[in-house]
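Open your viewer, load the model and keep the selection tool handy. We will go from stop to stop, and at each one you will find what to select and what is there.

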Amino acid sequence: MNSLFLSLLLVSLLFMKSFSEGQGKKWKGEGTTQNLESIVIGRCYEYTIIVNPSVGEKNCSALWEAFKNAFIKKDPCNILPTDYELFINLSLHTIPPNKSLFWENNQLLVSRFADKTRRYMSLADTLFGFFGDLLNWCGQANSTGLDYDSCPTTEECENNAVESFWRMASMTYAQHSSGVIHVLLNGSAEGGAYPVKGFFADFEIPNLQKDKISEVVIWVVDDLEGPDRDSCGIHTVEILENRLKNLGHNVTCTDNYKSVIFLLCVDHPDHSKCAFSSSIFSVDGSQLSDGPLTDTGTIWSVVVSLLRTFICSEKTPYALCDVH
């Protein structure tokens with residue numbers, strides 16, 4: 001009797017486990033971002049009213065519905081880039097010539113450098129990119145609800161909701177980029193600055209429109225703490241340069257582009273790489289300083305020399321002008 005009872009209990013437990021697993025598979029990735037609908041609709045209004053009003057009025061509720069319907073009630077591992085086609089078409093707008101900024105391995109730096117379209121317009125600075133930036137989402141097969149518990153990673157299945165969204169967004173962004181386009185790469189990245197398998201390599205470069213692009217400008221910038229793993233003309237950057245040239249593009253490359261280094265130094269002003277050497281000259285052409293402007297005495301000397309040059313050029317009788 002006890003043996004029969006234990007057998008029935010074991011069968012029941014196995015059935016319950018199988019039933020539970022069939023109701024909803026658990027994935028390794030993070031679940032849908034809480035309050036996703038409110039966030040993306042709010043972002044839509046923020047973008048069209050504050051960030052980039054030039055795109056004109058957009059129906060943000062319709063954008064949310066088109067976005068959601070791309071993956072809702074579907075197998076989370078069977079979402080295709082083309083499922084987002086309606087959303088992309090509704091959110092599409094002009095990307096100004098010479099403003100496109102592509103990247104690999106430095107997402108946050110690119111965001112700061114682009115500065116929400118003020119300097120450049122990276123993918124995340126378009127309306128469709130702004131909509132999904134740094135968010136996560138997925139649905140459930142045969143359910144109208146979102147899965148807030150877990151979502152599949154790209155390792156589990158490539159055709160997941162987030163991966164397919166960014167593939168479609170990347171292809172669209174590349175197709176509508178024009179003029180001089182810019183590429184910001186991380187020279188300290190493990191494996192090289194240019195991943196030969198990645199969004200830029202697989203979805204953006206193949207969709208660049210050669211007749212619309214005058215030049216491709218590559219910037220390879222190392223982390224302040226290093227190391228210097230990759231540079232223009234060598235390793236993976238050379239592979240990228242050759243690929244673009246073979247496609248007929250004019251290509252230039254610069255290591256440690258100063259504007260980006262300056263931005264990095266805002267957060268690390270005392271770093272040795274931020275002790276910029278400068279040759280400063282007075283208005284009469286005499287050199288005032290030739291070296292790092294980090295010493296207080298040197299800076300004060302330069303300031304006094306500049307003031308004296310300006311004041312004494314007016315032939316004023318100040319005592320300062322008698323100092324030689």
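**First stop: I218 and the cores**

Select I218: leaving out residues up to four places away in sequence, I218 touches V183, L185, L240, E241, L244, V251, T252, C253 and T254, where a contact means heavy atoms within 4.5 Å. Before going on, please note that this is a predicted model, in which local features need pLDDT of at least 70 and side-chain atom pairs count only at pLDDT 80 or more, while totals for chains, interfaces and linings use all residues. Residues are numbered from 1 along each chain as its sequence is written, and side-chain values use heavy atoms, with hydrogens and water left out.

Now widen the selection to F67, F71, Y84, F87, W137 and I218, which touch the most other members of the largest nonpolar core, a set of 58 residues. A nonpolar core here is a set of buried Ala, Val, Leu, Ile, Met, Phe, Trp, Tyr and Cys residues joined through side-chain atoms within 4.5 Å. Buried means under 20% relative accessible area, exposed means over 50%, and partly exposed is in between (1.4 Å probe, protein chains only). Colour helix α7 (residues 161-175) next, as its nine residues are the largest share of this core. Helices (H or I, at least four residues) and strands (E, at least two) are DSSP runs, numbered from the N terminus. A second, separate core has 18 residues, including L101, V110, V221 and V260.

**Second stop: helix α2**

Show the side chains of α2. Which residues of α2 are buried? They are L36, V40, I41, R43, C44, Y47, T48 and V51. Look down the helix axis: the buried residues fall within an arc of 165°, so they line one face of α2; the arc is that of the directions from the helix axis to the C-beta atoms. The partners of the buried residues of α2 are α3, β3 (121-122), α6 (127-132) and β5 (143-146).

Display the cysteines, and look for five disulfides, each a pair of cysteine sulfur atoms within 2.5 Å. Stay with C44 for a moment: its disulfide partner is C60, at 2.1 Å from S to S. The bond is left-handed, with -80° about S-S. This pair links distant parts of the chain, with C44 in helix α2 (residues 36-51) and C60 in helix α3 (residues 60-69), 16 residues apart. Both C44 and C60 are buried.

Next, select C232 and C253, a disulfide with its sulfur atoms 2.0 Å apart. C253 counts as partly exposed because its relative accessibility is 22%.

The link of C265 and C274 has S to S 1.9 Å and is left-handed, with -90° about the S-S bond. C265 and C274 are both buried.

**Last stop: T126**

Finally, centre on T126, in the loop between β3 and α6. Is T126 buried or exposed? At 0% relative accessibility, T126 counts as buried. A polar atom of the T126 side chain lies 2.7 Å from the backbone oxygen of L123, and the T126 side chain also reaches the backbone nitrogen of G129 at 3.0 Å. Beyond its neighbours within four places in sequence, T126 is in contact with Y47, H93, I95, M121 and Y173.

Note on methods
Polar contact = N/O pair within 3.5 Å; in protein donor to acceptor, adjacent residues only side chain to side chain.
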